[in-house]
Amino acid sequence: EHEYIEAAGTLAAESGVQYMDGELPVAGMLDTAMGMYVPSMLAPAEGGGQNGESKEDLEMVQRLMGLESGICVTGVEAGVPGLHKTNITCVDWAPLEEDSSDTSLVLTGSVDRTLRVVNMGGDGVVAELEGFTSPLLSVSVHHPSKRGLVACMGGEVVLVDLTSITTPKIVEQWKAHTKMAQAVSWNPQGTRFVTVSKDASASLFAAKDGSFELVRNLPFLNEVTCMAWISETEWVVAVREDNNLHYFDETTEVAKTNMNATGDSHVSFAVLSMQASPDKSMLLCCTDKSRLIAFRSKTSFQARNFYGATVDSFDTPVCAWSHDGTYVYCTSSVNTSTLLLGQLVVWEVKSQSKLMTIDVHDKNVRTMARHPYTEAFATGSYDKAVKVLACGAGLS
């Protein structure tokens, strides 16, 4: 299917004629095959499918096929250029009250070793925090507690007090890794956080006596590229040159799932970004082969595949779910001799079809953060601008 879509797109671009599904013989064959495949998935044999799918796998497919249309971001709502002298490497939303739909305040981090609070409504930078010992690579905000975490190139992770958004303060710092800490993330309750690093390890921290302490540094064979929380204590990581996803409860590995549909051990891609679905039943993984896979959590079952974004091994993509679980997103790029764009691609989960591609930045998107309560994203780019994307924006 993927090869057909690529071939049809190339033919349309070169001929100037747009071909729709069903107009070509191959498309008709594909439609027929899908028409035979989907009913077989929805009417499985007792206890499981003919291709080794479990009863739970088939129930998930049936649920996804029954999804109603939801809401997604549609365009750029606001943008502020020239926020840092150097590249913007991380963004997140400033602390928000529960269920707030405010999209005015964004945190930005940069290679210039500063964290800034930006008013997207036109006031620009309203606060700046210095004191970081190396460039900032990732920022994660826990909104109920008004605390932020910053992961840095030197392997440090820094706790920031965001109670007063105009006077943020560094509270504590840990040396979490021997090489760059490329990502950090709170658990939903704000009682734990995990950092992952190029030093081939992940570090779990937990609350203790009003602060946090390192519980354990877990080593792997290669670089840990990304992680995601799936419950208060459970989390999952992807490792470069490893065909498995590793699931942990605290520091105990509870599952290791093969990402290859055939069950072999060949490594054909790396997972560069991941996020659990709103109900935590699926894990969306963005690969360096322009493919997104939605696995049923803690299993190898590929519930959905999404094609159409451009991602390679040198990109830093971010993937995400819509709040209602009906759409998925991924940053993408156009990089040719005549055109350079940072984009956001949107897919419908039910059909796995690409809904739209939104042009966002003049250079590659480096970072993106989903709003915690409403359908919106903040993005940062190598064009040194921050943008806010929202539902209804960009529509005439």
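Buried, as the word is used in these legends, means under 20% relative accessible area, and the views are taken from a predicted model.

**View 1. The buried residues of helix α3.** Helix α3 spans residues 55-65, and its buried residues are D57, L58, M60, V61 and L64. Seen down the axis of α3, these buried residues fall within an arc of 155°, so they line one face of the helix.

**View 2. The largest nonpolar core and the surroundings of L292.** The largest nonpolar core has 23 residues, and those with the most contacts inside it are L284, L292, F306 and W347. At least two residues of this core come from each of α3, β19 (282-287), β20 (291-296), β21 (302-307), β22 (319-321), β23 (327-335) and β24 (340-348). When residues up to four places away in sequence are not counted, L292 touches L284, C285, C286, R304, N305, F306, C319, Y329, C330 and W347.

View 3. D199 is buried yet has no salt bridge, and the nearest side chain of opposite charge, that of K179, is 7.9 Å away; a salt bridge would require a side-chain nitrogen of Lys or Arg within 4 Å of a carboxyl oxygen of Asp or Glu. Not counting residues up to four places away in sequence, D199 touches H177, T178 and K179.

Technical notes. Residues numbered from 1 in each chain as written. Predicted model: local features only at pLDDT ≥ 70, side-chain atom pairs only at ≥ 80, totals over all residues. Heavy atoms only, no water. Buried < 20%, exposed > 50% of the residue type's maximum accessible area, 1.4 Å probe, protein only. Lys, Arg positive; Asp, Glu negative; His and termini not counted. Contact = heavy atoms within 4.5 Å. Helix = DSSP H or I, 4+ residues; strand = E, 2+ residues; numbered from the N terminus. Arc of directions from axis to C-beta. Core = buried A, V, L, I, M, F, W, Y, C linked by side-chain atoms within 4.5 Å.
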